[in-house]
Amino acid sequence: MNKLILKKRSVVILGASSAIAKGCCKALAEQGATLYLAGRNLTELESLANDLKIRYAIETHYGFFDAENFDSHPDFFNEVCKVLGEIEGVLLAFGYLGNSQNIFDFSEQKNILNRNLIGSVSILSLFANYFEKAQRGFIIGISSVAGERGRSKNYAYDAAKSGLTTYFQGLNQRLSRKNVRVITVKPGFVDTPMTFGKTGMFLVADPEIVGRRIIKQLFLRKDVLYVPWFWRYIVLVMQCIPEFLFKKLSF
Amino acid sequence: LTQKQIKTKLSGFNNYPEFNCKLIRPEKYHDLVPVLPSCIARGSGLSYSDAAINEQGSVISTTRLNRFLSFDCDQGILVAEAGLTLREICEVVVPNGWFLPVIPGSSGVSLGGAIAADVHGKNHVHAGSFSQHIAWIELITACGDRLHCSSSEQSDIFWATVGGMGLTGLISIVSLALKKIESPFMRISTTVTPDLGQTLARLEDASCENTYSVAWLDGYARGVVTTASHVAGDEEVALQKKQWPEAISIPFKFPFNVINSLSIYGFNYAYYAAQKSRSVPYYLSYQEYFFPLEKIKNWSFLYGKNGFIQYQCVFPSAHALMGIQELLEFFQRHGVICALIVLKKLGQSNQASLSFAKEGITIAIDIPFSKKIFDILESADGLILKYDGRVYLAKDVRLTQANFFQMYPNYLLWKKIKYQVDPKNIFQSALSTRLLL
C-alpha cells in the first residue's frame, strides 16, 4: 500500500461539532487536509470551519447534515461531491446517548437506534459504494466500548453501538479488498459533553489527544482501535465475566 | 435550560483560596448563557485572585469556546471567541507578521480574562493596557442579550466591562487590533544599577526610549533594568549559541517551601552577577523574552504545598521612590521573604473605572504563603494609600472593602453601570462578595 498523503485531500466529518471530531479535525488539519464539516448546528460549524482555516491555513467547507433524516442523505452526499470533487475519506463521529428521563421508553430508544445505527448505515452505504468504485479512500467510524456488553443503564445505546461495530466488521471485509481502509474506533471515557458532569467516570481522556491517536492510525495498520488503549483490557475483562455474575454487577 | 455541571475544587493560579464550585463548561456558542441564581465566567483560571470562583452559584468555563472566527491579515484585525489564549493567538499571527499589542507575563491567559482584568505589559507607557486595542466585544448580559460594545458603541458598558473582573456579563467574542512586526525576535539590553533611586531613574528613561522595559530588584535595592525592542526586518540576528533545554518540569509539589531567604539570596546574587557581566545587546525569540517562566513547567510547585501570593501595587511617579523604599523596608522589618520583585513604568490610565494601571511605577512581589501574611499586607495597604497608590485586583485575594473604595475612587461610577446591566446581581464571584461589588 502506498503511503497516505492527506495534503489537499478532502475528508468529510459527519457530526463535526462533537468533541472527538474536533480533535480529529485538528489532527487532519495539521496534515493539510481539506475538510467538509457536517452536522446540524450551522453556527457551530461555521465557527469551527473558520477556526481550522485560520489556525492551519487549510480549505474548509461546512453544511447541514441530519443523521436521523435518512431521505436527505443522497442529496447531502451529492452536495458534498459537488463541493469537494474527489473525496479521500469520511469520519463518522455523530452519536446520541439519549435522554436519561425516558431512556426505557420505545420513543427514546427509537431515537437512539435511528441516530446511532440506522443513520450511520444510511449515510455510510453511499460513501462505501463511492470508495469501492474509486478503489481508494478510508472510513473511520467512531463506535464505543459500550457496544461490547449491554448494561442496564442504557442498553439501547449499547445495542446500537454493538450493531455499528458489527456493521464496520463486515464493511471492512468487503472494502479491504478494494484498497479502502475501514477503522473502527472504540473510545472509552473521553472528556466530552456526553460524559461531563456524569458520576462514575474514571480515567477520562482529553478529546484532542484521542483525536490525534485516531488520525495517527491512518498511517499505521490497526483495524480496531481502543482509545485510550487500556480500554481493550477493561473490555476483555468485561466480556469474560459470565452472564449470571454480570447481571448482579452494578456498573 | 439546565446544563450539566460538575462539583469541583477551584482556585486561582496561586491555589488560594480554594472553593467547592459548580463548574459548567459550554461546548457551543449558544450554550454560553448566564446561569441562575448567580454565575461568573472563568477563562484559563490564571489570575492570582479569587475573581473566577464562586461558591454560591456557578462557574462557567470558557475553555472550549476558543475559536478563531476571522483574521484579516492585511489590516491585522482578529475576531475570536473569548476563551482563546494569547499563546494560541501568537502561534497564528506571528508567522503572518503581526503581534499582540500588549502582552502580560503569562501566555496562557484568555482573551476574556485579559479584558476583565485589563492586563498591561512592559510597554504600558507607549501602548496602554490590553483593552485599548479592542475593536469591539460581544457581551452576554444578565437578561441574555448579546450586546455589541466598544469605546464608541455602548461605551459606558464597554468601559465597565474592561477591568470589571467579569461582573458585568459574559464576554463571548472579542475583536482585537494587532500590531505589525517585522521579525519574531527581540533585541535585549540590560543595565545593572546599584540602588533603588538609580534603578527608578534608569527605568523612567528606558521606558521612553525602548518599546519594552522592566526592572528587577534583588531585595537589597540593587537592580537590573532590561529593555527590549522588536528586531527590524533587515537587522541581523545573532542568536546565542547556548541552547536551553526545551522545557524543564517541576514534577511534584515540594513538601516544603524551597524558596527561602537563603536560596533567594543565592539566586539573586547569581542573577545580578550574570547580568553585570553582560553588556552587548543580545537576541531572544519573543517566547523566550515574554514568557521566561514557561520554560519551567509548574514552577509554582517550588513554593511547596502552601503556595505563594503575589502583591502588586502602583505608586504615582512622584512618590515612587519613597513608597517602594518604605514598602521594602516594611516587609524586611516583618520578615517577609520577597522572592521576586519586578518593577514596571506605567503610563496614563484609561477610562475604565476599575482598571488598575495609572501613571507611576508598579511593583510586583512574590511572597511565600503563610497565614500571618494577610495582617502584614493589610498594613502595607495603608502605606500604599498614604502615597495615593492602589492594589491590582487580579493579583489580590484579601483586600478589604474600605481600602478598595479608597484605592478605586471611580468605583461608584462603575457600580452605576453594573446595576444598570445586572440589576439582580447575577454575575458574582468570591472577589465581588468579598469587596461587595
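## Basis

Residues are numbered from 1 along each chain as its sequence is written, and chains are lettered from A in the order in which they are written. In this predicted model local features need pLDDT of at least 70, side-chain atom pairs count only at pLDDT 80 or more, and totals for chains, interfaces and linings use all residues, while side-chain values use heavy atoms, with hydrogens and water left out.

## Aromatic pairs and charges over rings

Over all chains, 34 aromatic pairs are found. Rings of Phe, Tyr and Trp (its six-membered ring) pair if their centres lie within 6.5 Å; planes under 30 degrees apart count as stacked, over 60 as edge-to-face and the rest as tilted. Phe104(A) and Tyr155(A) are stacked, because their ring centres are 5.7 Å apart and their planes are at 15°. Phe104(A) lies in the loop between strand S4 (89-92) and helix H4 (106-134) of chain A, and Tyr155(A) in helix H5 (residues 155-176) of chain A, so the pair ties together parts that are 51 residues apart in sequence. Helices (H or I, at least four residues) and strands (E, at least two) are DSSP runs, numbered from the N terminus. Tyr155(A) is partly exposed, at 41% relative accessible area; buried means under 20%, exposed over 50%, and partly exposed in between (1.4 Å probe, protein chains only).

In chain B, Phe158(B) and Trp159(B) form an edge-to-face pair, with centres 5.0 Å apart and planes at 80°. Phe158(B) is buried at 0% relative accessibility, and Trp159(B) is buried at 12%. One aromatic cluster consists of Phe99(B), Tyr212(B), Tyr286(B), Tyr289(B), Phe290(B) and Phe291(B). The charged end of Lys122(B) sits over the ring of Tyr289(B), 5.1 Å from its centre (NZ of Lys or CZ of Arg within 6 Å of the ring centre and within 35 degrees of the ring normal).

## Helix H2 of chain A

Buried residues of H2(A) include Leu45(A), Leu48(A), Leu52(A) and Arg55(A). Among the elements covering the buried residues of H2(A) are helix H1 (19-30) of chain A and strand S5 (68-72) of chain B. Just after H2(A), Ala57(A) takes a positive phi of about 50°.

## Thr165(A)

Thr165(A) lies in helix H5 of chain A and is buried, with a relative accessible area of 7%. The side chain of Thr165(A) reaches the backbone oxygen of Lys161(A) at 2.9 Å. Beyond residues up to four places away in sequence, Thr165(A) touches Ser143(A), Glu148(A), Thr184(A) and Lys186(A) (contact means heavy atoms within 4.5 Å).

## Nonpolar cores

A nonpolar core is a set of buried Ala, Val, Leu, Ile, Met, Phe, Trp, Tyr and Cys residues joined through side-chain atoms within 4.5 Å. The largest has 118 residues, and Leu343(B) is one of those with the most contacts inside it. Helix H9 (residues 373-386) of chain B gives the largest share of this core, seven residues.

## Backbone geometry

Cis peptide bonds join Val227(A) to Pro228(A), with omega about -15°, and Tyr16(B) to Pro17(B), with omega about -10°. Phi of Gln135(A) is positive, near 60°, and Gln135(A) is partly exposed at 43%.

How values were computed:
A polar contact is a pair of N or O atoms within 3.5 Å; within protein, one must be able to donate a hydrogen and the other to accept it, and residues adjacent in sequence count only if both atoms are side-chain atoms.
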